Amino acid sequence: MSGRYFSQTRSLTYSYFFSLPLFLLYESLIRISNIGTVQPVRISVDIWFQQLFAFAGLDALTAALGIAFLVGAVILFRQRDRLPSLKPRYFLYLLLESAVYAIVFSTLITNFLDLILQMDISQNSASLSKIQLFALSLGAGLYEELFFRVILVSVLFILLIRFFDNKNVAYVYSAIIAAVIFSGVHYVGAFADAWSLNSFLYRFIFGLTLNLIYVIRGFGCAAWTHALYDVLVVFKM
């Protein structure tokens, strides 16, 4: 791939169009899979957003679609001069690139932890259907990256920059704290994993890796890397 590919696909326009299918697929599949279920299944971060919308008196789906449309409209307006240069094949390249990251980085992290710990990463998913697992994998990539990489790291950076003269140092601390919270959230809720230091460290390092991908390659690539990794794990591919 050329340098032009890497420079262009870091833009907000590519990230928006690339991550939009994750949103649409997750919302569609999660509703189909929850038909007739007593306890609807959704990603924890998605539930947080839904509760926030409900508190504001808004319908969750309508609000999510409205925000997605508004964000897209702002991005497309601000980068309207770049729209003619969008290349459809680049989205396929981005998907392949994300798949490579999902496989390579998860393998490297596993091998690294094998040197210091005996891996025991559990997944509490026996009670879920295949379509629910697939939908949750896509939703995790989108919503968890949006919250932990975009929102949380940004908020932490704004708070910590007051205590550090160097912006890079403030950002590193923000990424580390966000990665700790990202890992810890997986042990909370109805479908939480059983606590183990091994799985906590794995997710902590993976969270830092996803933050690196987000900074270097953009939100869309980080979201798809996360989603494809989860698909690989839950279906043991």
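This is a predicted model: local features need pLDDT of at least 70, side-chain atom pairs count only at pLDDT 80 or more; totals for chains, interfaces and linings use all residues.
Q: Is Q8 buried or exposed?
A: The relative accessible area of Q8 is 15%. Buried means under 20%, so Q8 counts as buried.

Q: Which residue's side chain is joined to that of D59 by a polar contact?
A: D59 lies in the loop between α3 and α4 (60-78). A polar atom of the D59 side chain lies 3.4 Å from the backbone nitrogen of L61. The side-chain partner, in a polar contact of 2.8 Å, is T62.

Q: How does D59 count at 48% relative accessibility?
A: The cut-offs are under 20% for buried and over 50% for exposed, with partly exposed in between. At 48%, D59 therefore counts as partly exposed.

Q: What is the reach of helix α7 from its first C-alpha to its last?
A: Helix α7 takes in residues 167-185, which is 19 residues. At 1.5 Å a residue, the expected span is 27 Å. The model comes close to that, with a reach of 27 Å.

Q: Which helices do the buried residues of α7 pack against?
A: The buried residues of α7 include A170, S174, A178 and F182. An α-helix has 3.6 residues a turn, so residues three or four places apart point the same way. The helices that the buried residues of α7 pack against are α3 (44-55), α6 (130-160), α8 (197-217) and α9 (219-234).

Q: At the start of α7, which residue's backbone nitrogen does a side-chain oxygen of N166 reach?
A: The oxygen belongs to the side chain of N166. It comes to within 2.8 Å of the backbone nitrogen of N168.

Q: What is the handedness of the crossing of α2 and α6?
A: The axes of α2 (residues 12-33) and α6 come within 8 Å and cross at roughly 145°. The residues of this contact divide into 14 nonpolar, 4 polar and 1 charged. The crossing of α2 and α6 is left-handed.

Q: How many charged residues does the contact of α6 with α9 have?
A: The axes of α6 and α9 come within 8 Å and cross at roughly 140°, in a right-handed crossing. Among the residues making the contact are E144 and E145 of α6 and D230 of α9. By class, the contact has 13 nonpolar and 3 polar residues, and its charged residues number 3.

Key:
Residues are numbered from 1 along each chain as its sequence is written. Side-chain values use heavy atoms; hydrogens and water are left out. Helices (H or I, at least four residues) and strands (E, at least two) are DSSP runs, numbered from the N terminus. The expected span of a helix is 1.5 Å times one less than its number of residues. Buried means under 20% relative accessible area, exposed over 50%, partly exposed in between (1.4 Å probe, protein chains only). Contact means heavy atoms within 4.5 Å. A polar contact is a pair of N or O atoms within 3.5 Å; within protein, one must be able to donate a hydrogen and the other to accept it, and residues adjacent in sequence count only if both atoms are side-chain atoms. Axes are lines fitted to C-alpha atoms, for helices over the stretch in contact, and angles run from 0 to 180 degrees between N-to-C directions. A crossing is left-handed if the near helix is turned anticlockwise from the far one by less than a right angle, and right-handed if clockwise. Ala, Val, Leu, Ile, Met, Phe, Trp, Tyr, Cys and Pro count as nonpolar, Asp, Glu, Lys and Arg as charged, and the others, Gly among them, as polar.
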